[in-house]
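Please examine the sequence and the model displayed below. The paragraphs after them proceed from one residue to its chain, and then from chain to chain.

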Amino acid sequence: MIMGRKLEDMHPVREEFVRPCNGGSETWWLIGCALLTLTICSLSIGVRKANVQSQSLHSWQLNAFRDLRAEERGTYSALYTAAIEIDDTHQNGDGEWLEVSDMEQDFVPPFVHDAAWRRQGKLVWQRKLLPAGTLDMALYLGEPQQKEISGSFLLVMQHSHGNGSGHAAPSTHPSHEIWYSPSPHPRLPASYTDQALITSGWKEVVPLRGRDEIMRTKGENVS
Amino acid sequence: MTVPTNAMGPAIHFERVGLQLGGNCILSNVDFSVEPGTIHCIIGPNGGGKSSLVRCLLGQMPHTGTIRIGWGTGNVIGYVPQSLDFDRTLPMTVKDFMAMICQNRPAFCGLGRKYGPIVEHALKMVGMEGKRQRPFGALSGGERQRVLLAQGLIPKPDLLVLDEPGTGLDKAGASIMRDLLADLKERGVTILMIHHDLAEVRDMADSVTCINRNLVFSGEPEVELTPEKILNVFSPAGGTC
Amino acid sequence: MHAFYDLLRIPLIEMGRNGVLPEFFQYAFVINALLCSLLLGPVLGGVGTMVVTKRLAFFSQAVGQAALTGVALGILLGEPISAPYVSLFGFCILFGLLMNYTRNRTNMSTDTVIGVFLSVSLAMGACILLYVTGKVNMHVLDNILFGSVLTVNDTDMNVLLIISGLCLLIGIPLYNRMLLASFNPSLARVRGVNATLYDYIFILMITVLTVASLKIVGAVLVEALFIIPAAAARNVSRSMKGFFLYSMIIATASCILGIILPMQFEIPVPSGGAIILVASCFFALSVLIRASSTAFRGASA
């Protein structure tokens, strides 16, 4: 009471009942948000899968069937097959990388000097070996004698020896890659990592898979 | 007694207020009233439920019973907490701290034109205007308490709730606080305060309530603060639920 | 959007060709990465001040590691390998929400909660990864873990732009309230700040920023970009203004230098690692400055 009068007489009083807080709503909000997130994600993934599966290439990659001339494609296909053989020999033999001269004599395209070789720009091949620690690399560089017909190719064979202990971890680099440069005497970087090759002007050639070819003819592929 | 101004803080009525947390009984059957425009102190032993009662008032606890606030003009609550949980080495000045608490504009933009003078004034009222640029973490406990007091004044409260505001205050700080509270009371603000300095309580308070899980006593300090009652209060045995 | 990006890219590519700028500017992915840095640096630096103030460094690390599981999940669900954003966002958001909920509702210390969630997430990730190993070139994992500047494309930039815009829109007006919520939740509530809600909003902000930055810095190291620039800035600033500004500058500089220096000197390191190393150098410098400068001696309480 203030000076004999109650507060209620002096001012209109607004009564407020203090509401006790209970944290129950937090649980419901969380469940709600979680369900919302799950729903949106499921829908998005579903929509994405139903959409066109576009084969997207990075700017430093080439599509073998679209970006190479017909002659270069021949060299590329041959190199691709040879790479598998080189890899097999390396793994199953004494760990040796096949010599260019050996492959020439064994009629292994694209190293052998046959009619195809003459047509595809007469590339001169050389081999460089880089054993370094657990990494075992061989490079096969092919430079064209007829630069109007073909550019240069680089086959990078890489075999890492780190996985002998029996666990399932795969090696982190594919065993062979094929790179292309339009120049007849391309620059080779000091180290042969992807980044270094790209900076030196090389591009990786990516093959078209059978499934992609089928999708292309069916008009589904938009790459 | 001064003529009441037009501004008037609220009356507060606690009616059979109880609190159970995690199976523990914190408060039981607490029943008292706070008159508008008065300084009302809450005392009691540690762990007796004083802070919890205050937090019930602020609507932050799942209490049972009724808490009624009869607002007069305005409905602003100011709160001065007992402690802050923060990193002492943070490069936050007193100004930054006040900016963070009081304004919408982000603290890293500094004090805006609107709140600059208000913050200045509040800091002056607690005697901290000279320490505006000092890092908040480097302040002493008492200085920090004063800054907390300052933020309780922005915006101008009708009800000011303080939790152990005397912690760490030196003589100068305690005197500043007393003057400040007296000044606020003159303006009609209702002040509810948890305090441990019984001498000050007897001096300042219009009414005092003792809480030790139950209500132990409530009334005017001259009547209630007798030596026997005080001795009983601060004995280890708590009230029953 | 592509046209807009080209507008920025083409003159820079030209300057790269002409020799005005270093050679590697000819490549679009370099310019993409630098543009991302200009956007990401300030945002991460700014949010980093909040992470450090609210002491959530460990929390943001857990979210970063969860990204690994998110990617594995994405691969499992058939998402495009270089941009499994849907499962990344979904998993990381659920992860962050659940972690915060557990922290709020149980009596466990924050440390313990985060430790448990981190371990569970990594275990899940490891299992799923081994299962999908057959499907995918493991190169991709390097990219997600440590960042891959090479693969930043327009989609990534769009994601980053949208996320950064959202975070700025939300973070700047709510900055004060989010900080106050961690100083004293009670006081925050009295002042009308719903501390719980703002905590959740902040967690979501960290989560989406982490995901958006994966391409540049990588999952393992994103939280380092929240923490290290802010920690360095904390050493050399005396007010919130300085703290915030220096944190942004250091974060941006670290990103840009971390991308440019390895290219300039042809050092084959992942961008994430380089960026964090540069940031660490800034941090070391800040420690030196603080230790040797008398201006700061009094401030260490």
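**A guided reading of the model**

Leaving aside neighbours within four places in sequence, C:Leu204 is in contact with C:Ile93 and C:Leu97, where contact means heavy atoms within 4.5 Å. C:Leu204 belongs to helix H9 (residues 195-212) of chain C; helices (H or I, at least four residues) and strands (E, at least two) are DSSP runs, numbered from the N terminus. With a relative accessibility of 31%, C:Leu204 counts as partly exposed. On this scale, buried means under 20% relative accessible area, exposed over 50%, and partly exposed in between (1.4 Å probe, protein chains only). C:Leu204 also lies 42 residues from C:Ile162 in sequence, and the two are 14 Å apart in space, C-alpha to C-alpha.

The model is a predicted one, in which local features need pLDDT of at least 70 and side-chain atom pairs count only at pLDDT 80 or more, while totals for chains, interfaces and linings use all residues. Residues are numbered from 1 along each chain as its sequence is written, chains are lettered from A and ligands numbered from 1 in the order in which they are written, and side-chain values use heavy atoms, with hydrogens and water left out.

C:Glu266 has a positive phi of about 50° although it is not a glycine. This residue is placed in the loop between helix H12 (240-264) and helix H13 (271-292) of chain C. C:Glu266 is partly exposed, its relative accessible area being 38%.

In chain B, a positive phi of about 50° is found at B:Arg16, again a residue that is not a glycine. B:Arg16 is situated in strand S1 (residues 11-21) of chain B, and it is exposed, with a relative accessible area of 56%. B:Gln145, by contrast, is buried, at a relative accessible area of 6%. Helix H4 of chain B holds B:Gln145. Which residues does B:Gln145 touch, not counting those up to four places away in sequence? They are B:Val80, B:Pro81, B:Gln82, B:Glu164, B:Pro165, B:Thr167 and B:Leu169. The loop between helix H4 (141-152) and strand S6 (159-163) of chain B contains B:Pro155. A cis peptide bond joins B:Pro155 to B:Ile154, with omega about -5°.

Chain B as a whole has 8 helices and 9 strands. Its radius of gyration is 18 Å, close to the 18 Å that the globule rule gives for 241 residues, so chain B is as compact as a globular protein of that length. The radius is taken over C-alpha atoms, and the globule rule is 2.2 Å times the number of residues to the power 0.38. The C-alpha trace of chain B spans about 50 × 45 × 35 Å along its principal axes. Of the 241 residues in chain B, 56% are buried. Among contacts in chain B with a separation of 6 or more, 69% are between residues 24 or more positions apart. Chain B exposes about 9900 Å², and carbon and sulfur atoms supply 50% of this area; accessible areas come from the Shrake-Rupley method with a 1.4 Å probe, and for residues only the protein chains shown count as cover.

Chain A comprises 8 helices and 7 strands. Buried residues account for 37% of its 223 residues. In chain A, 58% of the contacts with a separation of 6 or more link residues 24 or more positions apart. The accessible surface of chain A is about 12900 Å², of which 55% belongs to carbon and sulfur atoms. A cis peptide bond, with omega about 0°, joins A:Pro109 and A:Pro110. A:Pro110 is located in the loop between H5 and helix H6 (115-119) of chain A.

The confidence of the prediction in chain A remains to be considered. The mean pLDDT of chain A is 76, and 74% of the residues score at least 70; pLDDT is the predictor's confidence in each residue, from 0 to 100. Among the elements of chain A, helix H5 (residues 100-105) has the highest mean pLDDT (87) and helix H8 (residues 210-217) the lowest (52). Over residues 162-171 of chain A the pLDDT is below 50, and this stretch has 7 contacts in the model beyond near neighbours in sequence. Residues 219-223 of chain A likewise have pLDDT below 50, with 11 contacts beyond near neighbours in sequence. Where pLDDT is low, the predicted coordinates should not be read in detail.
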